[in-house]
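The points are grouped by topic after the lead sentences.

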Amino acid sequence: ENWIRQNAMTTYHFAGTCRMGDDASSVVDSRLRLRGVQGVRIADASVIPHTPVSALNAPSMLVGLRAAQFIEEEKKDGCKYAAA
């Protein structure tokens with residue numbers, strides 16, 4: 001019992017702590033921009049609404065890829081936000 005208490009750890013994969021959406025109560029908009037702070041995006045598992053059955057490594061990489069695509073699109077469009 002003592003060994004278990006000292007060596008056991010959780011394997012929880014936390015997600016969904018930064019609600020994403022188009023409503024005013026969402027922390028992050030649909031392009032991963034943090035509301036109320038210019039030039040900051042949230043691109044990790046916190047924007048994933050529910051923890052999938054598997055680990056969050058691959059979904060987190062896809063969120064990061066999508067954030068990079070948003071930034072590149074906004075640079076091409078001359079968006080002031082992308083450069084901030």
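Val47 has a relative accessibility of 4% in this predicted model, which lies under the 20% limit and therefore counts as buried. Val47 is located in the loop between H1 and H2. Leu32 is found in the loop between helix H1 (2–7) and helix H2 (57–76), and Leu32 is among the residues that Val47 contacts.

**Surroundings of Val47**
- Beyond its neighbours within four places in sequence, Val47 is in contact with Cys18, Met20, Val28, Leu32, Ile42 and Val63.
- Val47 and Arg31 are 16 residues apart along the chain, and 11 Å separates their C-alpha atoms.

**Leu32: burial and backbone**
- The relative accessible area of Leu32 is 4%, so this residue is buried under the 20% criterion.
- Although Leu32 is not a glycine, its phi is positive, at about 70°.
- The loop that holds Leu32 runs between helix H1 (2–7) and helix H2 (57–76).

- Glu74 is part of helix H2, which spans residues 57–76.
- With a relative accessible area of 6%, Glu74 falls under the 20% limit and is therefore buried.
- The side chain of Glu74 is joined to that of Arg41 by a polar contact of 2.5 Å.

Notes
Residues are numbered from 1 along each chain as its sequence is written. This is a predicted model: local features need pLDDT of at least 70, side-chain atom pairs count only at pLDDT 80 or more; totals for chains, interfaces and linings use all residues. Side-chain values use heavy atoms; hydrogens and water are left out. Helices (H or I, at least four residues) and strands (E, at least two) are DSSP runs, numbered from the N terminus. Buried means under 20% relative accessible area, exposed over 50%, partly exposed in between (1.4 Å probe, protein chains only). A polar contact is a pair of N or O atoms within 3.5 Å; within protein, one must be able to donate a hydrogen and the other to accept it, and residues adjacent in sequence count only if both atoms are side-chain atoms. Contact means heavy atoms within 4.5 Å.
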